Amino acid sequence: MESSGTTRRQATRQKLYEAAVTLIAEKGFSATTVDEIAERAGVAKGTVYYNFKSKTELFEELLRHGVGLLTASLRAAAEESAERGGTRVEALDAMIRAGLAFIDRYPAFTQLYVAELWRTNRAWQSTLLVVRQEAVAVVEGVLRGAVDSGELSEEIDIPLTAAALVGMVLVAALDWQAFQPERSIDEVHSALSLLLHGRVSGH
């Protein structure tokens, strides 16, 4: 059982993550100061340094934490689908929805993550690659299962297909949030579902 100290520390970290992610999404990493993060989180500046050695470490942990939540929700969606006796393709479909729901819940984090993914020479580049790989690996696992069970063609390139599915969900969801916010998650999900099932070509 966790002590109240641990729980309190986690709650503080959560507040700092939320403050940091919204500020960095608004102004960029370099322009965001530790003072502003502390102020937005409603904590003393010393609290930030008590929890994280530096702004860079806070950001690195934030990426790890956020992508960890995404990975867990993808994994849970696949497992729930399997428990219901669904096919592997249905599991992929459930994962697309879980990804959209995650992005709907954490839009600032997702924007930040996508923007950072393509920057180079960042201190946290290696962390970013590790956490990205964890999320993609969950999708790869389900794709591999689908190929093994004959649901999907053996011709598919599993690593690229997994990356493409994750990328599709991230970019489509950001587009939805920014340019088509009036659309429901169901509409966005069914559009991506058609792509997954290869029904866009009309055959």
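How many cavities of 30 Å³ or more does the count come to?

1. Basis. This is a predicted model, in which local features need pLDDT of at least 70 and side-chain atom pairs count only at pLDDT 80 or more, while totals for chains, interfaces and linings use all residues. Residues are numbered from 1 along each chain as its sequence is written, and side-chain values use heavy atoms, with hydrogens and water left out.

2. Cavities. The count comes to two cavities of 30 Å³ or more. A cavity is a set of points, on a 1 Å grid over the protein atoms alone, where a 1.4 Å probe fits but cannot get out; lining residues have an atom within 4 Å of a point. Grid points are joined across faces, edges and corners, and a volume is the space filled by probe spheres set on the points. The largest cavity has a volume of about 150 Å³.

3. Lining. Thirteen residues line the largest cavity, and Leu74, Met95, Leu165, Val166 and Val169 lie nearest its centre. Two or more lining residues come from each of helix 4, helix 5, helix 7 and helix 8. Helix 5 gives the most, with five residues. Helices here are DSSP runs (H or I, at least four residues), numbered from the N terminus.

4. Core. The largest nonpolar core has 64 residues, and Met95, Leu100, Tyr113 and Val139 have the most contacts inside it. Such a core is a set of buried Ala, Val, Leu, Ile, Met, Phe, Trp, Tyr and Cys residues joined through side-chain atoms within 4.5 Å; buried means under 20% relative accessible area, exposed over 50%, and partly exposed in between (1.4 Å probe, protein chains only). Beyond four places in sequence, Met95 is in contact (heavy atoms within 4.5 Å) with Leu74, Ala77, Ala78, Val138, Val139 and Val142.

5. Helix 8. This helix has 22 residues and reaches 31 Å from its first C-alpha to its last, close to the 32 Å expected, the expected span being 1.5 Å times one less than the number of residues. Its buried residues, including Leu165, Val166 and Val169, pack against helix 5, helix 6, helix 7 and helix 9.

6. Two residues compared. Met168, in helix 8, counts as buried because its relative accessibility is 19%. Leaving aside residues up to four places away, Met168 touches Ile96, Ala173, Leu192 and Leu195. Gln10, in helix 1, counts as partly exposed because its relative accessibility is 42%.

Methods:
1 Å grid on protein atoms, 1.4 Å probe; cavity = no way out; pocket = protein on both sides within 12 Å on 5 of 7 lines; lining within 4 Å.
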